[in-house]
Amino acid sequence: SVMKRFLLIGEERGSNLLIGAAFDGMSDVHMARNQFVEGLAYTKEALPYLKASENIPAQMSALTHHGVFLYMLNGFAASQESFQETLALGEGREDKTSLYFQGNANYQMATALTGMGFPVQAITYAEKSLYFMRLARSSYGPTLPHTMSALAYYFLGNYQKGREHALKGIEVATQTDSWRMLGYASSHAALNEVELASFGAAWQHAEKAIMLGNKYKHTEIESMGYKVQGDIYGRINALSQAAASYQKGMEVDKGGFATLENMARLGLTLSLLGDPQGDAILQQAYTYAEAADLGSILYNAKAIELSIFVLRKDYAKFEKYAPIIRKKIEERSHSSATQWVDYLDALADFQRGDLEESLTKLDVLCSPAAPIPFFWIKFRALKLHIQVLERMGKESSIPRAELKEMLVKIEQGLGNAPLESEWQAFSANGIG
């Protein structure tokens, strides 16, 4: 291969730079093949030679690759050291190659922080990445921070912004024929579109991710596509279809971020279906996510698990974990994201028969003065508000009208998504 020839020439000439660059190049070949253990070993070989060569851009390249292999092997916290070292090396340098590697290392920091569940910090690094990519005049470069910002904003709960970045990522990836990034950007667009109730667009973007992931053997992209389809089914209460999609997502990608996302969602969905396997699968996902520093998956799933405690009437568990999750949400997410816990509080009161208490909470939560910025939390809160008002013999025409509007919005966004029967069942039950 080219890199082996490079290595031989380097050895003949006693050139640290050529030897190190050849090892770094070999690591890249393994990255393209998803062989992360072998790739990591090559970066470890490359670094001493490149340090001895004193060539800064070459060191920046190998250090960044080293960090990426570490997080691909689920070492998010460890990977940050490599990226910080890269950024320190590149500081103040103005050559195009170093500027590009500055952009890349900032993007990788954004990736690590997004995975760990710190989207606010991740977005800061993504913005720096975009700045350096523009300075480096890289036509392909901006697709990286745009695509990662889309995922960070998704975990932050700012879906509109997330979608905008994903669409920008899709545009740049398409112009530069970057198939892998096109797959990621498509799946990230879809994640945000589900939350915005744009199911037609989300389904199309998920299909694109599945197709590209399958064609180019990037199993994690294919897996994310199935995760999105599972989310769509889940949103319209087609739980067995959702479980089948998550299962598929786990089958195509063995290990990694996307597998864990699907595993956590599968566990939660099976629990909602009353399947006793659900809990065991969810606990397994928690164990893996904790070991891999994947706070984004961990806290998202734990927030959804609160709803299972309420539905099972396990109020002791709900009351134990709700304040912990509320605190995590406050630290890591959108300022209004704790409204999910507020909704579950009101639901628990309603189930216990504390109607006055439930209504007091819902009047605040559904107040038109401060509308809930999350489509699906608002949807559930309105349905509950109607139930409580009607149980108490009170007027419910205002929330009913609002809920009807939301159902119209979902229907208008269905596009060509193959959801006719699921939608029929869901909308028939929509205002009940």
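Trainee: Which helices are included in what covers the buried residues of H16?
Mentor: This is a predicted model, in which local features need pLDDT of at least 70 and side-chain atom pairs count only at pLDDT 80 or more, while totals for chains, interfaces and linings use all residues. Residues are numbered from 1 along each chain as its sequence is written, and side-chain values use heavy atoms, with hydrogens and water left out. Helices are DSSP runs of H or I with at least four residues, numbered from the N terminus, buried means under 20% relative accessible area, exposed over 50% and partly exposed in between (1.4 Å probe, protein chains only), and contact means heavy atoms within 4.5 Å. The cover of the buried residues of H16 includes H6, H8, H14, helix H15 (277-291), helix H17 (315-332) and helix H18 (339-352).

Trainee: How many of the 17 residues of H16 are buried?
Mentor: The buried residues include Gly295, Glu305 and Val310. H16 is largely enclosed by the rest of the structure because the number of its residues that are buried is 12.

Trainee: With which residues is Ala21 in contact, leaving aside its neighbours within four places in sequence?
Mentor: Ala21 has its place in helix H2, and it counts as partly exposed because its relative accessibility is 29%. With those sequence neighbours left aside, Ala21 is in contact with Met3 and Leu50.

Conventions
Helix = DSSP H or I, 4+ residues; strand = E, 2+ residues; numbered from the N terminus.
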